[in-house]
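I opened this model to look up its aromatic contacts. My entries follow.

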Amino acid sequence: MDGTLGKKTVAGILWSSLQKFGTMAISFVSNIFLARMLTPDDYGCIGMLMIFIAVANVFIDGGFGSALIQKKRPTPQDYSTIFYWNLILSVILYAVLYASAPSVAGFYGMPELSKVLRVQGVVLIFNAFSVIQNNQLRKRLEFKKTASINLVSMSLASVMAIVMAYRGFGLWSLVGQQLTYSLLNAVQLWIRSAWRPMPVFSRSSFRELSGFGAFILLSNLINTFCNNVQGLLIGKFFSPSVMGLYSQARKLEEVASTSISGVVDQVSYPVLAEVQDDRTRLAGATGRLVTSIAFFTLPLMFLLIAVAEPLITILYSDRWVECVPYFQVLCVAGMAVSLQNINYFAVAATGRSRALLVWTIVKRSLSIVFIVAGFAALGIKGLLAGMVLAAFTVYAVNAALVSKYVGYRIGRQIADLLPVAAVSAAAFAAAYVPVMCDMADILQLVASVALFAAVYLGISALLGLKAYRNVRELLPLLLKGKR
């Protein structure tokens, strides 16, 4: 990277890290309070509806937002056109959700979900108002502003949810949290952004951006549906309590699997798009990003598998101990999930949206087959096993596309990742020893974390792992950027 872009990238990672880890910490702490006041049934009801909200959100923020980032010099007409398109589409989608809410509730056999979906669906309109401002800040790598906006929104929304739960609102406290966060985010982005839509809708801009954005939109739709189809199956064939246990396990796993990778992903797409014409630089940057994510995420997944039971008991109380096996299996899938997006964005940065769509259809079709077949054969255990197989399949396809279009060969990528996985497995063995001993949960957790960190960092330094060297080179840059 050149000096200017490198400095912007470092600053972007710093502020994106603050945003990601700050909002994650706030959400994590608030969820600890909420989990002690709410029941698995409350979380299960929200989890059943998540697929409908998630898929609808993709239409609003899916393809055209990515097209605006990928385009090197978007015009004011481009931004205004997509703003009006998103706003109109959000109203249409909300109307569809509102009308179909009774049918959704009937599908699950829970009439009370109709009202919940109709209220929860308002989040689509709130989100539509902030897509353009958010994408402009991302494109300019102004993550300091987005960090402060997200932290304020998440803090106030979490306080709102805790107060509502304390006063006995049950699952409505979770709905209130989502609505408050989205509304505050939109309001702050409008106040702190100088951009305002022009009274124009350009058909030429729409056609140009849809050429790239339509393929990304379809890819994102397929990805989102497949990522949430397991919730649809669990919600339909099991009790809300089982759905709640799964939802809580997945929420905790996603904190770990997507926290670090999410920071890098947010910065990487606009950065990689800047060097899309230089294949050598693009391949080198992709390799460094992949190994850096793996150095933190893979060992974290191994550690969480080892300490799952004392961790969940300490955080959420004995009420949630049944979600431990769900959490452990999801952590295995999380190893692959953490590396999917960086490979995906590297290919997207080259403008290969058609190839991404074609292969998204292939890999996600296989994913659904694995999940549904596993569910049919072994119930929820088979479903979880199918999720693991699906996660590694998606990663393998994305890595193969990077090998073809970016130049970071899949054999090279696997060779870079295997030493990290091997050292993490060795540290896992050390961390599991305290768990097998008859100790208090908190002592087990502290001893396991200490042993894991000592073994993992010690072996990484001793062997001089490539990922370890990349991180050591990055840290001084981050500190200089911070100063």
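Predicted model: local features only at pLDDT ≥ 70, side-chain atom pairs only at ≥ 80, totals over all residues.

**Aromatic rings and charges**

I searched the whole structure and found 18 aromatic pairs. I count Phe, Tyr and Trp rings (six-membered ring for Trp) as paired if their centres lie within 6.5 Å; planes under 30 degrees apart are stacked, over 60 edge-to-face, the rest tilted. I looked up F83 and Y84: their ring centres are 5.4 Å apart and their planes stand at 70 degrees, so this pair is edge-to-face. Y344 and F345 also form an edge-to-face pair, at 6.0 Å centre to centre and 75 degrees between planes.

Residues are numbered from 1 along each chain as its sequence is written, and side-chain values use heavy atoms, with hydrogens and water left out.

Next I checked burial (buried is under 20% relative accessible area, exposed over 50%, partly exposed in between; 1.4 Å probe, protein chains only). F83 is buried, at 4% relative accessibility. Y84 is partly exposed, at 25%. Y344 and F345 are both buried.

I then followed the ring pairs: they link F83, Y84, F129, W190 and W195 into a cluster.

I also looked for charges over rings (NZ of Lys or CZ of Arg within 6 Å of the ring centre and within 35 degrees of the ring normal). R118 lies over the face of Y98, 4.1 Å from the ring centre. K236 lies over the face of F107, at 4.8 Å.

Last, confidence: pLDDT, the predictor's per-residue score from 0 to 100, averages 85 over the chain, and 88% of the residues score at least 70.
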